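Thanks for coming. Please have a look at it on the screen first.

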Amino acid sequence: MTKHFDFAVIGAGVFGAWSAHYLLGSGASVALVEAYGAANSRASSGGETRIIRMGYGPDELYTRWSARSLPVWQEFFARIERPLFHKTGVLWVSDDADGHLAGMLKVLGEAGAVCERLTAEEIRGRFPQLSFPDITCGVYEPLSGVLMARQSVQAVVQDAVEHGLEYVSASVIAPSGKGKLAAIRTSSDDSISAGAFVFACGPWLPKLFPEVLADRIHPTRQEVFFLGVPPGDGRYGMPHMPAWLHHNHPDRVYSLPDLENRGFKVAFDVHGPAIDPDTAERVVGPQAIERLRGYLRQHVPGLKDAPLVETRVCQYENTWNGDFLIDRHPEMENVWLVGGGSGHGFKHGPAVGEYLSSRILRNAPAEPRFSLAAKQSRRERAVY
Ligand SMILES: Cc1cc2nc3c(=O)[nH]c(=O)nc-3n(C[C@H](O)[C@H](O)[C@H](O)COP(=O)(O)OP(=O)(O)OC[C@H]3O[C@@H](n4cnc5c(N)ncnc54)[C@H](O)[C@@H]3O)c2cc1C
């Protein structure tokens, strides 16, 4: 059986969900096709929480996109009456030699974002639970915070379904050919035809389009730890603990406060080994736990012996430098490739959906950094 839509979006992670939202908002008919379920445990959007911050060092583009996305998330949560954003504040810590923080202050200032520069002493005074002998300064964003990731994506999808989106539970078979793609086939042998197809398949993109993306998107294994906080101790949750990023640490450690009583979250932002999103066993190894304990002893001493109450293995889908990929397929003219979130994409879901839909619906100008042509096969991360 073939069903026809104006648009078919494949993948119900944060990029696919917001793409479907904006395409649907134009009055078009839209199908959202998803293999494992919206924000499933294998998906990059399937984690409990994601930081939303304005600071991107000297990178003005992603600062602007974060500043655009945060109010859209907030308006959406207000409309559906679900408190899925927590204004925890976000703190970057580093040293004066780190141009990232100096550049960030300049760009945040120019963007009118609320932020303050803190000295190491001020950071010690405000957050005595943390110990950073290796830092000299920080940048604090009081209005930024944390999105409840999995629940947020599921809410965007559910809301779209209530507004006419057709949600299809199926795995899409990789399309091939040249020119205009007429239809996609699913593993259950159904067919969906559409005017345009948006493949927002995150870390699966290189499997679906190996000739184009095998050496342009690299999924890496990332491990996440949740520590049980001491009983009755509020120091590791809101309002005492912000989300923070230890930018001059070699593992680029970051942390989120104890939210919804899930535990104090710590993770390493440095890229892990390659991962297969379908088949990977998602269990952390003893070496990673040892590395975590070493970090806690030095920097969060009050939790050095705290029990691990949960661990997760997720994946980044990295482009060569961390820039997103939002562009047409080079040979299938009505197929769009949307991904390359590169460990920082979640917060930008609304801006990605808005940009993609304006490209498709109104042929809006393209941002060269998101083009396929700009993606190289070497790896030189530049976006933090
Ligand atoms: C540990 C971790 C921490 C992170 N922290 C942050 C953070 O603090 N802040 C931030 O902004 N970002 C963060 N990110 C990055 C962010 O989560 C990702 O960039 C974002 O979730 C990517 O979303 P996506 O929609 O592109 O991909 P996904 O969420 O992976 O969605 C892709 C979807 O496509 C579906 N799919 C794949 N193939 C098919 C097929 N053939 N047919 C049908 N469906 C298919 C999959 O099932 C999946 O649901 C983090 C990522 C990780 C892993």
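Which side chain has an N or O atom 2.8 Å from an oxygen atom of the ligand? That is Lys347. A polar contact here is a pair of N or O atoms within 3.5 Å; within protein, one must be able to donate a hydrogen and the other to accept it, and residues adjacent in sequence count only if both atoms are side-chain atoms. Taken alone, the ligand exposes 1,000 Å², and the protein buries 97% of that. Those areas come from the Shrake-Rupley method with a 1.4 Å probe, and for residues only the protein chains shown count as cover.

Before going on, the conditions. This is a predicted model, where local features need pLDDT of at least 70 and side-chain atom pairs count only at pLDDT 80 or more, while totals for chains, interfaces and linings use all residues. Residues are numbered from 1 along each chain as its sequence is written, and side-chain values use heavy atoms, with hydrogens and water left out.

Back to the contacts. Glu317 has a polar side-chain atom 3.2 Å from an oxygen atom of the ligand. Gly345 uses its backbone instead: an N or O atom there lies 3.2 Å from a ligand oxygen.

Now the shell. There are 37 residues around the ligand, each with a heavy atom within 4 Å of it. Glu34, Ser45, Ile51, Cys314 and Lys347 come nearest. By type, the shell divides into 21 nonpolar, twelve polar and four charged residues. Ala, Val, Leu, Ile, Met, Phe, Trp, Tyr, Cys and Pro count as nonpolar, Asp, Glu, Lys and Arg as charged, and the others, Gly among them, as polar.

Which elements each supply at least two residues of that shell? They are α1, β2 (30-34), β3 (49-52) and β16 (308-318). Helices (H or I, at least four residues) and strands (E, at least two) are DSSP runs, numbered from the N terminus. The largest share, four residues, comes from β16.

Helix α1 covers residues 14-25. Ten of its twelve residues are buried, so the helix is largely enclosed by the rest of the structure. Buried means under 20% relative accessible area (1.4 Å probe, protein chains only). Among the buried ones are Phe15, Trp18 and Tyr22. After the helix comes Gly27, with a positive phi near 95°.

Last, β3 belongs to an open three-stranded sheet, order β3-β8-β4, with antiparallel pairing. Pairing requires at least two DSSP bridges between two strands. Four bridges join β3 to β8 (residues 145-148), and Thr49 has Met148 as its bridge partner.

Notes: The expected span of a helix is 1.5 Å times one less than its number of residues. Buried means under 20% relative accessible area, exposed over 50%, partly exposed in between (1.4 Å probe, protein chains only).
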